[in-house]
Amino acid sequence: MNRSIVINREFGSGGREVGRLISERTGLGFYDTAVLQEAATKRGVPANQLDAFDERLAAGQYLNLSFPGFSDPEFAAMPYRVFSAIAEAITEAARVAPGVFIGRCADSVLREAKLPLLSVFVYSTDVQAKIARAVEVDGVPPKDAEKYIARMDKTRSRYQQFFTGTRFGDYREYDLCLNSGHLGIDTCADVILTALKGEAAP
């Protein structure tokens, strides 16, 4: 494999599981949010600052230039500092060897660095499966799960729009769009690996 795989995904679609399965099958390094945040922390971004960044982004504060916090230079600079640290970690890892990257605009980062990649968007039309994942993985009460899923997707959309100017889930931004609710996790991984083999063929 001579290129990285970047998986962007709807919350609860199982995109992370698809990426982890590909990593296990291929031996490629696996970089999800936790790994990338840890890498950012090693680059001097405190963990509490990362958490605050994500919380404020989720609330939409970084998309509103009239928000009072933007009068504070440190507040205004924080998203760029955090993103720069994460982008540096992504680029450094991919230059050492191709990997599987989950979210965090890794596709845009790798394109900017002129590193080869396959960009994938995983979504799901199986609402009940998405709710079940929210309950199981994040411990969300079942009655709140749909609202929680919508909030998480909005956060990812804001993140992508803020840093890349592109639209989350827009099929034109990706090489592959896969419905895990219809295909299942294993088949999604199979399709991605088949696409990579096809690109490698003469």
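This is a predicted model: local features need pLDDT of at least 70, side-chain atom pairs count only at pLDDT 80 or more; totals for chains, interfaces and linings use all residues.

Colleague: In what order do the elements run from the N terminus?
Modeller: The order is β-α-β-α-α-α-β-α-β-α-α-β-α-α.

Colleague: And what share of the residues is buried?
Modeller: Of the 202 residues in the chain, 48% are buried.

Colleague: Switching to contacts. Of those with a separation of 6 or more, what percentage comes from residues 24 or more positions apart?
Modeller: Those residues account for 69% of such contacts.

Colleague: OK, the inside. Which residues touch the most other members of the largest nonpolar core?
Modeller: V6, F83, I86, I90, F101, L110 and Y159 do. That core has 23 residues.

Colleague: Which elements give two or more residues to this core?
Modeller: They are α2 (33–42), α4 (73–96), α5 (106–112) and α7 (145–164).

Colleague: Which of them gives the most?
Modeller: The helix α4 does, with nine residues.

Colleague: Let me pick F83. What is F83 in contact with, leaving aside neighbours within four places in sequence?
Modeller: F83 is in contact with R104, C105, V109, Y159 and F163.

Colleague: What other core lies apart from the largest one?
Modeller: There is another core, of 20 residues. V18, I102, V120 and L196 are among its members.

Colleague: Is R104 buried or exposed?
Modeller: R104 counts as buried because its relative accessibility is 11%, and the cut-off for buried is under 20%.

Colleague: Which loop holds K114?
Modeller: K114 is in the loop between α5 and β4 (117–123). K114 has a phi near 60°, again a positive value in a residue other than glycine.

Colleague: Why does K114 count as exposed?
Modeller: K114 has 73% relative accessibility, so K114 counts as exposed. The cut-off there is over 50%.

Notes. Residues are numbered from 1 along each chain as its sequence is written. Side-chain values use heavy atoms; hydrogens and water are left out. Helices (H or I, at least four residues) and strands (E, at least two) are DSSP runs, numbered from the N terminus. Buried means under 20% relative accessible area, exposed over 50%, partly exposed in between (1.4 Å probe, protein chains only). Contact means heavy atoms within 4.5 Å. A nonpolar core is a set of buried Ala, Val, Leu, Ile, Met, Phe, Trp, Tyr and Cys residues joined through side-chain atoms within 4.5 Å.
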